[in-house]
Amino acid sequence: MTREKILIVDDEPDVLLLLRKYLLQIGYPPGGIIECCCFQEASLAAEPGIGSVIAALELPDAPAQGTLSGLKSIFPDTPVIIIADTVNGADAFHLLGQGADDYLEKERIGKDVLERSLRYVRVRGRILSDYRRLFDENPAPMFIFEHETFRFLAVNHSALQQYGYSRQEFLSLTADKIRPAEDRQQFLSLVRTDRSQFANFGIWRHKRKDGSIFFVQVDAYTMKFQQQDARLVMALNADEMVHAKTALEAKAREMEALLQSITDGFFAVDEHHRFTYVNSTFERMVHRNHEDLLGKPLWEVFPEAEGTVFGKQYEQAVATRTSVHFEAYYRPLNVWLAANLYPSGNGITAFFMDITERKTLQRAVSLNEQNLKATIDNTEDLIWSVDKELNIISANTSFRKRMQKITGHDVSALKREYFSENSYHEWMHYYGRAFNAESFKVVRTLQSNGQVLHEEVRFNPIHNEHRQVIGVSCISRDITEQQEYLERIEKQNAQLKQIAWIQSHELRRPVANILGLVPCFDLQGMSEQNAEVLRHLEASTMQLDEIIRKITVNAGEKK
C-alpha cells in the first residue's frame, strides 16, 4: 500500500467514483485520495505529500491559460496525468509539450491502465527529479531564460551564490539585468540573431546584486522549458582567468618592450629551429627584417653559420639542454660577437652582443702593452714597483739583471738580507717617504769595480681608487756620464773665473795707468805727429778697457 496522497480533479461525479474505485484497488488508502470537482477546490487542496495529480483536461472554472498550465503552476514538481475524451497523436504531443506527464482516454480507463500510468509517472518523476537535482546542485552556475522576453525561468544554487540574489529576486529579473548597462544592447542583439542549438559565447562581463562587475565564460543551449523556447546558460566565473590573462599580456608587453630596448641582439627558435621572435637590435645586427626571419628555419636563413663556432655551440646547447657562452668572429658580417645561448622550453633563446669595438681596442691595448714592454725591457734604466710588503709588483729586465747580480738569483721581494745595513736603511727611508705620498728623486754615488758611478732614482707613490697609497714605482738611471760632464763644466767655469779675475785685476791695472798718464801730456807743445800717436794710444787703451770689462761681466764678476 502506498503512503503518498493522490489528488483527482473532475467535474463528472461518475469519473471521480470510478477513479476512486481503481485507486483503492491499486492500494491507495481512503484517506490518501483527495477528490475535487473544480479547479478552485484543487487549488485549495494543495498540501505537502501529494505525489500525483489526475485531472480532466477541461474544467469549467479553469484559468485563462488552461487547466493543465494552471495545475502546473500550483504543483510545479508533481506529476500530472490528464484525462481526455479522445487523444490523437497531435493532442498527445501538445499535452506532453504543455507539461503533462501522461494522458488517459476516458473510455479506456481501467485498473491496470491507471496503475501502469501511475507507475510510469512515478518513474518519470524520479528521473526528472534526478535531472532537476543535476541542475539545482550542479557546482557550475546555471540559469534558464525565456527566449523572447528574456525572463528567468529557473536558476540553480551556484548561480544564486555567484550573483548574490535570493531565488525569488533572481527569477523576478530578466537576463539583460545581470549585465552592465553598456553591455546590454550587445547581448540582446546577439541572442535575437543567434539561433544555434549550442553556442560558446566566450567571455562576458556580468554584474552582481551589489553592483560589482566580474567576468564569466558563457555557454548556452537552446531548448524547450515549461512549453516555452528557452536557453540554458552556464556562466562560469572567469575573473581570475581574465585577470591572469590581462596580467600575462601586460607582462608580455613589458617583456616585449624590454627585449626591444636592450642593446643585445635577441632571438628565439622552437624545437624545429624556426624563428619565433627577434628583437630590433638583432634585425639591425644581421641586416634583416623580422618578416624575413619569423617562421623560417635558422639554417635556411644563415646557412653559412653551419659548421662554424656558432653552429657547433648552438648544436651543443640543443643536444645537452645546457646554456653555452662564447665569443667568436662572424666573418659574413665582419663582426665579433659575444653569444649566450639558453634552452627555453623545447627551443633555444639567444643573446648576441657586438663586441667588435671592444676586440679592436683590446688588440690595440695588447699591441701597446707589447710595445711598452719592449721599450721598458730594452732600456738600460732600472724600472720596478713594490707594494707595502716590498713584494715586487713589476720589474723590467735591467732591474732583474741587477738584482740577479746582487743576490745571485731572481727575486720576488726586496729582503733585508740582500743589502748592507747602511744600504737597507737608506732604501727604507726612501720607500717610507714615497709611501707617505711624496714624489721625489735622489742622486746616489756608489763604487763598482773601483769605478765611481752616479745614479738618479725617482720615487712615485701608486694610489688606488680611494687615493690610498698601495705601492711605489721607481726608475733608476745611470747618470755617470752626465755627472762627469757637469764636473768638467764646473772645472772649466772655475778656470774661466780665474782668468776673468786675472783680467779684471792684473791686466786692468796697467790699462788704468796708461789711461791715467795720457792726460798728463801737453798736446799743444807737441808736434802734430806725436799728438796723433798719443790720441791713438788713448783710444786703443779705452777699447782694451771695454773688452776687459765685458770679459769680467760674462765671467760673473761685477765691474
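Modeller: Start with the lining of the largest cavity: α10 gives the largest share of it, 3 residues. Bear in mind that this is a predicted model, where local features need pLDDT of at least 70, side-chain atom pairs count only at pLDDT 80 or more, and totals for chains, interfaces and linings use all residues. Numbering runs from 1 along each chain as its sequence is written, and side-chain values use heavy atoms, with hydrogens and water left out. A cavity here is a set of points, on a 1 Å grid over the protein atoms alone, where a 1.4 Å probe fits but cannot get out, and lining residues have an atom within 4 Å of a point. Helices (H or I, at least four residues) and strands (E, at least two) are DSSP runs, numbered from the N terminus.

The count comes to 2 cavities of 30 Å³ or more. The largest has a volume of about 230 Å³, where volume is the space filled by probe spheres set on the points, and the points are joined across faces, edges and corners. It is lined by 16 residues, with F267, F302, A305, F310 and F352 closest to its centre. Besides α10, the elements supplying at least two lining residues each are α11, α12, β13 and β14. How does that lining split by class? It has 16 nonpolar residues, no polar and no charged ones, counting Ala, Val, Leu, Ile, Met, Phe, Trp, Tyr, Cys and Pro as nonpolar, Asp, Glu, Lys and Arg as charged, and the others, Gly among them, as polar.

Some of those names come back in the largest nonpolar core. Of its 27 residues, F267, F275, F282, F302, L341 and F352 touch the most other members. A core, by the rule used, is a set of buried Ala, Val, Leu, Ile, Met, Phe, Trp, Tyr and Cys residues joined through side-chain atoms within 4.5 Å; buried means under 20% relative accessible area, exposed over 50%, partly exposed in between (1.4 Å probe, protein chains only). Elements giving at least two residues to this core include β11 (265-269), β12 (275-278), α10 (280-286) and β15 (347-354).

The largest share, 3 residues, is from α8. By class, this lining divides into 9 nonpolar, no polar and 2 charged residues.

Now for the open spaces. A pocket is an open set of points with protein on both sides within 12 Å along at least five of seven lines. The largest one has a volume of about 1,500 Å³, and of the 40 residues lining it, K72, P76, R132, F225 and Q226 lie nearest its centre. α5 gives the largest share of that lining, 8 residues, and the classes come out at 20 nonpolar, 12 polar and 8 charged. K72 also turns up among the buried residues of α3, along with T67, L68, G70 and L71; what covers them includes α2 (39-44), β3 (50-56), β4 (80-84) and α4.

The second largest pocket has a volume of about 830 Å³. Its 29 lining residues include L382, R402, I406, L446 and E455, the closest to its centre. α14 gives the most, with 6 residues, and the classes are 13 nonpolar, 8 polar and 8 charged. S398 is found in that helix, α14; S398 is buried at 15% relative accessible area, and touches T379, E380, D381 and L382, again leaving out residues up to four places away.

Terms used: Contact means heavy atoms within 4.5 Å.
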